[in-house]
Amino acid sequence: MPTLAEIARALSTEVKGDGSLSVDRAAEPAEAGPRDLAIALSPKWAESLPKGRAEAALLWDGADWQAMGLKGAITAPRGRLAMASLSAVLDPGHGMGEGIDETARLGEGVELGAGVGIGPFSVIGAGARLGEGVRIGAHVTIAAGAVIGAGTVIHPGVRVGPNVRLGARCILHPNAVIGADGFSFTTAEPTHQELSRETMGEGEPPVMADPSWHKIHSLGGVELGDDVDIGAGTAVDSGTIRATRIGDGAKIDNLCHIAHNVIVGRHCLFAAQTGIAGSTTIGDRTVIGGKGGVADNLTIGADVVLGGASIVLSNVPAGRVMLGYPAMPLARQVESYKALRRLPRILARLSGTGS
Amino acid sequence: MPTLAEIARALSTEVKGDGSLSVDRAAEPAEAGPRDLAIALSPKWAESLPKGRAEAALLWDGADWQAMGLKGAITAPRGRLAMASLSAVLDPGHGMGEGIDETARLGEGVELGAGVGIGPFSVIGAGARLGEGVRIGAHVTIAAGAVIGAGTVIHPGVRVGPNVRLGARCILHPNAVIGADGFSFTTAEPTHQELSRETMGEGEPPVMADPSWHKIHSLGGVELGDDVDIGAGTAVDSGTIRATRIGDGAKIDNLCHIAHNVIVGRHCLFAAQTGIAGSTTIGDRTVIGGKGGVADNLTIGADVVLGGASIVLSNVPAGRVMLGYPAMPLARQVESYKALRRLPRILARLSGTGS
Amino acid sequence: MPTLAEIARALSTEVKGDGSLSVDRAAEPAEAGPRDLAIALSPKWAESLPKGRAEAALLWDGADWQAMGLKGAITAPRGRLAMASLSAVLDPGHGMGEGIDETARLGEGVELGAGVGIGPFSVIGAGARLGEGVRIGAHVTIAAGAVIGAGTVIHPGVRVGPNVRLGARCILHPNAVIGADGFSFTTAEPTHQELSRETMGEGEPPVMADPSWHKIHSLGGVELGDDVDIGAGTAVDSGTIRATRIGDGAKIDNLCHIAHNVIVGRHCLFAAQTGIAGSTTIGDRTVIGGKGGVADNLTIGADVVLGGASIVLSNVPAGRVMLGYPAMPLARQVESYKALRRLPRILARLSGTGS
């Protein structure tokens with residue numbers, strides 16, 4: 001277990017008070033014992049310190065740790081960044097070791113870098129190339145010819161399809177699916193949906209001689225940059241003739257859907273259940289809240305922020321902060337919500353005065 | 001196959017007519033054969049009885065079963081409750097037997113209660129403790145040290161991560177993921193998203209020297225109470241420094257997302273594709289319709305009802321019934337929908353009169 | 001590799017220019033090399049041809065291929081349909097061969113048609129019947145008694161539950177779950193949710209002696225027609241007393257939820273993250289955009305189109321094009337969006353004039 005001084009060093013800061021205190025784990029202030037590091041990054045959290053028995057805490061910059069009765073403390077100007085370093089120090093890791101399990105199935109010509117680990121019952125297709133230190137959990141399938149960058153970690157139950165290239169240090173969380181078929185179908189004649197774009201939905205459905213959907217096969221695969229996280233159960237579909245692409249450093253949460261031909265920029269962050277429809281491009285550093293959705297064939301600029309559950313139906317210029325369904329710039333959307341709330345009373349008044 | 005009298009006993013009621021009738025299965029009235037129990041819990045459903053050949057039926061209290069030409073019947077004051085008992089009697093079960101499959105992989109020091117069953121190719125991490133009668137299907141992974149309460153059933157393809165404790169009699173449906181990493185990231189400098197809370201989105205995106213996302217590791221794990229159901233493909237993320245918690249008797253449907261640090265109360269019911277963002281607390285007995293969403297760091301009281309696809313962006317007091325995006329109390333939301341529908345005509349009139 | 005003339009034949013059209021050109025793959029115009037077929041189905045796409053080195057292209061009908069400096073071309077009156085044929089010609093296939101892997105586990109009495117393939121570590125329950133040419137990937141579980149039609153392809157990690165019948169030529173994408181328990185629960189006494197239908201949410205929550213949820217077991221299974229696609233991670237729940245049904249030719253994308261007792265018509269198309277709640281019926285050829293939702297116990301007619309993220313809370317007649325939450329006919333919804341956008345200014349004016 002690290003000492004307080006060791007943790008301070010990992011956080012590139014100095015310890016206050018007794019640096020020799022040993023830290024078993026991080027804990028909420030009210031639940032912290034004498035060998036825990038209480039996490040109290042704001043005065044509100046620090047209020048609960050007396051309910052626990054912490055002797056050391058991670059506090060905000062300028063906090064009066066001695067007045068809190070602590071024996072030692074670390075303070076941080078940006079608490080969540082300190083939490084990132086601290087949690088990395090305390091994380092015992094994913095437990096996937098080096099070495100190829102005897103039940104793992106490797107196809108012909110698989111290339112393994114130094115220190116690769118492959119878990120029980122996993123199946124690696126012919127000609128796949130796994131970079132140095134790649135770790136693959138149990139029950140993973142990797143299609144033939146996949147390329148997996150050094151240090152990438154693939155959790156149990158992940159499915160990697162054909163024509164997939166993963167960068168270095170990616171993390172694929174359990175049961176994610178990379179490189180399934182894109183959902184791309186067409187009919188012999190125009191459908192009601194196609195026709196209704198012109199008629200604003202007022203036309204009659206066509207009588208189709210053959211309403212069968214013909215599949216447009218996905219030949220393009222998927223390319224993930226370096227340091228990409230893909231959440232549990234998330235699906236990233238194969239592109240049609242070029243790869244679906246996710247840029248370096250992008251982080252995608254659980255149960256998201258990234259459709260065929262989508263391009264996701266570098267350092268994007270998409271919260272859970274987000275969906276990006278086919279052939280849409282998302283600029284660098286764009287952040288999408290949970291349940292966000294972007295329609296197909298759109299261009300979303302860099303540095304865009306979409307609030308939770310926003311649904312985007314048209315292009316968005318760089319830097320915009322958007323909310324709602326359909327998404328509008330935040331300030332206008334909030335104005336419109338307020339107006340809508342007043343509306344029933346105002347309509348009643350208008351009726352009342354006969355206007 | 002049970003007789004009508006045996007079924008009546010399981011439903012704690014008395015049979016009407018011939019209790020010796022043998023029942024092969026439950027069936028819809030129009031499709032019921034002479035050895036089926038027709039399910040006709042309302043007069044509307046009973047109308048279809050003549051289309052089938054049922055001789056026995058499950059009916060509402062007070063139904064005139066003889067006038068329907070039946071030989072026997074069971075009546076129930078609360079039909080769906082009767083269906084629960086009836087369907088349990090007729091369910092042949094999940095088919096996972098006792099015993100450890102020869103291909104299952106058990107780590108060191110795994111503790112198994114009496115009557116445990118583990119299916120083919122499943123992998124149980126070192127030191128995991130499986131209570132009496134636990135049943136685990138094929139292709140399941142359980143991380144080291146997990147604790148699984150007596151009678152819990154884990155279907156194929158489920159992933160149980162580190163620091164997970166499951167109560168007794170839980171059911172984890174296929175491909176669910178319990179205890180994946182929480183989606184918790186931060187940057188060295190404030191992001192556009194952070195800054196835009198103060199500017200209502202009107203400010204310029206900051207130029208960041210380093211736009212990389214630093215992961216806050218998930219050390220807290222997950223705790224499920226007793227009698228919790230987790231749907232197919234649903235993901236419950238690990239907490240940061242304490243466990244993500246789901247209370248006794250909570251039922252969560254398919255493809256839901258429960259983020260890190262969330263607390264779900266006892267006897268909650270969340271329909272499919274619901275998402276609860278990080279660090280939100282949901283009170284006991286709260287019911288969320290399909291595709292419901294709750295933003296992060298909120299407190300939702302007990303006995304709240306969220307209608308289908310409601311998106312909650314602020315705290316909700318106990319007992320409220322809410323609908324919409326953003327969610328509002330049901331009656332006000334419906335008023336607002338009605339007003340919005342009238343609005344185009346009213347605006348046109350206002351323009352017309354030049355006001 | 002096919003020649004241009006061979007591809008033209010597969011597309012039932014004639015080649016223009018040099019049919020002997022060999023085609024390695026399809027490519028976007030700007031990225032196409034001399035042995036690629038550039039896909040330029042509109043003048044806009046053709047603008048990028050000079051950036052690449054394509055000598056052959058797939059163009060729209062009437063395109064002046066010679067003016068583009070190409071040596072050969074194929075033109076198509078309906079580009080996406082041509083893409084379907086072309087991509088099928090160029091697709092190397094899923095790579096699942098004939099034959100039963102030595103690690104696959106087959107239960108008693110499994111019946112296998114000619115040419116069946118079963119991948120590593122898959123588990124097929126007793127009495128299951130697999131039609132001619134069925135291909136099953138790695139880590140698949142098929143419950144006892146399942147019936148799988150000829151030519152159906154089941155990708156890795158798919159879970160097929162009890163009482164499931166799949167038609168011919170279906171494709172189940174990775175980690176899909178067919179036939180999990182329906183999410184059907186009831187309480188001994190009426191819940192707040194039930195009571196609030198009458199009170200519009202204004203009543204107090206009842207004090208329940210027992211708030212436990214009683215499960216209504218799923219005995220009905222699932223029936224898929226022929227040529228049904230089920231996307232990655234999608235869940236189709238078992239019906240209560242009759243099967244949940246999906247009609248011939250229906251295509252369902254990733255991470256969709258089809259609840260118990262739902263009936264989906266023939267040739268429906270549901271984009272990713274769509275959810276259909278319990279006991280709802282959807283007519284033939286209905287198309288639902290991504291993140292669409294339909295509440296329970298509704299009837300949606302044939303040839304309905306629901307725009308992206310539409311949430312349907314009441315029945316929809318055949319042929320309607322709907323958008324929004326709650327969904328309204330498209331033209332009215334767009335009118336209402338426009339009015340809402342004008343509303344804040346109008347309300348401000350009304351206040352200003354004191355009216």
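Author: A salt bridge is a side-chain nitrogen of Lys or Arg within 4 Å of a carboxyl oxygen of Asp or Glu. By that rule the structure holds 39 salt bridges over all chains. This is a predicted model, in which local features need pLDDT of at least 70 and side-chain atom pairs count only at pLDDT 80 or more, while totals for chains, interfaces and linings use all residues. Residues are numbered from 1 along each chain as its sequence is written, chains are lettered from A and ligands numbered from 1 in the order in which they are written, and side-chain values use heavy atoms, with hydrogens and water left out.

Reader: What makes E28(B) and R242(C) a salt bridge?

Author: Their closest N and O atoms are 3.2 Å apart, and the definition asks for a nitrogen within 4 Å of a carboxyl oxygen, so the pair qualifies. E28(B) lies in the loop between β2 (25-27) and β3 (36-40) of chain B and R242(C) in the loop between β24 (235-237) and β25 (244-246) of chain C, so this pair joins two chains. Strands here are DSSP runs of E with at least two residues, and helices are runs of H or I with at least four, numbered from the N terminus.

Reader: Why is R242(C) called buried, and what is E28(B) called?

Author: Buried means under 20% relative accessible area, exposed over 50%, and partly exposed in between, with a 1.4 Å probe and protein chains only. R242(C) has 12% and is therefore buried, whereas E28(B), with 29%, is partly exposed.

Reader: How do you know that K215(C) and D181(C) meet in a salt bridge, and which parts of the chain does the pair tie together?

Author: The N to O distance is 2.9 Å, which is within the limit of 4 Å, so the pair counts. K215(C) lies in strand β21 (residues 214-215) and D181(C) in the loop between β19 (177-180) and β20 (185-186) of chain C, so the pair ties together parts that are 34 residues apart in sequence. K215(C) counts as buried because its relative accessibility is 14%, while D181(C), at 26%, is partly exposed.

Reader: Why is P174(A) called buried, and which residues is it in contact with?

Author: P174(A) has a relative accessible area of 9%, which is under 20%, so the label is buried. P174(A) is found in the loop between β18 (171-172) and β19 (177-180) of chain A. Leaving aside neighbours within four places in sequence, P174(A) is in contact (heavy atoms within 4.5 Å) with residues including H155(A), P156(A), R159(B) and V177(B).

Reader: What is the buried area between chain A and chain B?

Author: Chain A and chain B bury about 5400 Å² between them, 66% of it on carbon and sulfur atoms; buried area is the accessible area (1.4 Å probe) that two parts lose on being put together, summed over both. R78(A), R80(A) and H139(A) supply 11% of the area that chain A buries against chain B, more than any other three residues. The contact takes 69 residues from chain A and 68 residues from chain B, and the count between these chains is 4 salt bridges.
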